Amino acid sequence: MNRTERLQAVIRAAKEHPLYAERLAGVDPSAFTPADLAQIEPVTRDDWVAFLKEHPLPPADTALVHLTPSPLLGWMPEYLTAADLEAQAEALGAYFSRLGLAGKRVIVAFSYHVFAGGWLFHEALVRAGATVFPHGPGEAARIAEIAQKFGFDALVSNPSFALKIAEAGGRFELLLAGGEPFTSVPGYRERVERAIGGRALDAYGTSELGIVAAETVDQDGLWEIPEMAVLEVLDPQTLEPAPDGERGELVVTALSRTLMPMIRFRTGDLAIAERTERGLRLPRGVFGRTDTMVKVKGVKLYPTELAPILAGFGLDPRGFQVVVETKEGGTDALVLRVKAAAVPEGLAEAVRHATGLRVDRIETAEELEGGLVVDRRFG
């Protein structure tokens with residue numbers, strides 16, 4: 001089944017789903033193509049939360065259930081049919097095959113219990129011809145010992161746990177990373193690669209979507225996995241496509257989900273698109289959230305994109321605050337407050353390079369009062 005045929009299957013199933021019936025009224029699945037997605041109203045996680053509150057039980061065709069923590073539901077379920085699982089394994093298996101994992105020995109250190117983590121990789125790695133050990137999280141020293149004793153080549157883990165395994169003596173020619181900010185943090189990949197003695201590749205996914213974007217061996221940003229999803233980067237206010245090079249919200253249509261269709265799912269995650277003949281590329285990966293945007297000096301600033309920058313300077317990525325004031329003359333002043341003993345050299349320039357905004361001053365503080373954004377311009 002090619003990409004368009006898979007999308008048509010997803011649309012066909014979604015037309016029968018209460019959350020999409022109105023959105024897809026009048027849509028002919030048999031003639032649907034990725035270019036037609038723009039006509040469909042996006043769906044949000046809040047939309048799904050409201051639906052699942054009313055319909056909490058697994059649908060009849062459910063073959064596998066995963067859960068992820070949700071502030072509003074307690075647990076956000078993910079329901080997959082046997083056909084969905086097959087489609088996911090086949091699609092990701094194609095990606096892993098392109099990485100040359102056939103014949104490699106791979107340890108998966110993501111959880112296989114409750115969460116989707118380990119499952120997202122396991123069957124696909126088997127399809128790609130790898131030998132897979134489903135270790136799960138924890139016991140870094142044991143993973144290091146097993147890797148050495150049985151000659152494992154690759155590790156699937158979040159990068160911070162990979163560092164712990166490396167500290168325990170684990171060495172791998174390849175790390176398949178995910179689950180937390182990685183390549184968006186300056187210098188982080190280089191640190192991890194030095195520790196494990198091999199290369200590290202990043203990936204992006206969620207429990208609802210699966211793994212939908214990942215790096216190639218060229219390590220040149222996250223690429224849409226064409227068998228898994230159709231990616232868009234939209235202006236979060238107008239929902240029109242964000243021009244290449246401009247920040248926007250990552251919106252995903254999953255091709256391996258029919259029981260819980262994710263058609264134009266608004267992730268709330270911040271990315272920059274580069275549309276090429278090879279597909280859509282996210283050159284900076286995913287580096288923040290869109291729900292705290294504030295306009296400063298006429299420019300949209302997404303404060304959470306500063307978190308990986310701070311982490312790259314060894315600061316707490318959560319220990320900062322953006323303050324916007326009015327200078328004499330009525331222009332905006334941008335102040336960055338950080339929990340630090342001193343301001344690292346080069347931080348202001350790194351912020352300017354990433355956001356296009358000049359920071360008027362950076363202040364240090366032991367404690368930060370107020371929210372992430374303090375806007376003092378209007379009263």
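Predicted model: local features only at pLDDT ≥ 70, side-chain atom pairs only at ≥ 80, totals over all residues.
**Exercise 1. Overall dimensions**

Determine how many helices and strands the chain has, and decide whether the chain is as compact as a globular protein of its length.

Solution. Counting secondary-structure elements gives nine helices and 22 strands in the chain. The radius of gyration is 22 Å, whereas the globule rule gives 21 Å for 379 residues; the two values are close, and the chain is therefore as compact as a globular protein of that length. As a further description of the extent, the C-alpha trace spans about 65 × 60 × 40 Å along its principal axes.

**Exercise 2. The annotated region**

State which feature UniProt places at residues 112-253, and describe the secondary structure of that stretch.

Solution. The UniProt record, an unreviewed entry, assigns "domain: AMP-dependent synthetase/ligase" to residues 112-253. In the model, this part of the chain is 28% helix and 28% strand, and its end C-alpha atoms lie 25 Å apart.

**Exercise 3. Helices α3 and α4**

Characterise the packing of α3 (residues 82-98) against α4 (residues 117-127), beginning with the geometry of the axes and ending with the residues in contact.

Solution. Two packed helices are described by the angle between their axes and by the distance between those axes. Here the axes come within 7 Å and cross at roughly 65 degrees. Since angles of 65 to 115 degrees count as roughly perpendicular, α3 and α4 are roughly perpendicular to each other. The crossing of this pair is right-handed. On the α3 side the contact involves E86, Q88, A89, E90, L92, G93 and F96, which meet W119, L120, F121, E123, A124, L125 and R127 of α4. Sorted by class, the residues of this contact comprise eight nonpolar, two polar and four charged.

**Exercise 4. Helices α5 and α6**

Find the crossing angle and the handedness for α5 (residues 140-150) and α6, and then list the residues that meet.

Solution. The axes of α5 and α6 come within 8 Å and cross at roughly 65 degrees, so that these helices are roughly perpendicular to each other. The crossing is right-handed. In the contact, A140, I143 and A144 of α5 meet F161, K164 and I165 of α6; five of these residues are nonpolar, none is polar and one is charged.

**Exercise 5. Helices α6 and α7**

Solution. The crossing is left-handed.

Terms used:
Residues numbered from 1 in each chain as written. Heavy atoms only, no water. Axes fitted to C-alpha atoms, helices over the stretch in contact; angles between N-to-C directions. Helix = DSSP H or I, 4+ residues; strand = E, 2+ residues; numbered from the N terminus. Parallel < 35°, antiparallel > 145°, perpendicular 65-115°, else oblique. Left-handed = near helix turned anticlockwise from the far one by under 90°. Contact = heavy atoms within 4.5 Å. Nonpolar A, V, L, I, M, F, W, Y, C, P; charged D, E, K, R; others polar. UniProt positions renumbered as here; feature names shortened; annotations may be inferred. Rg over C-alpha atoms; globule rule 2.2 N^0.38 Å.
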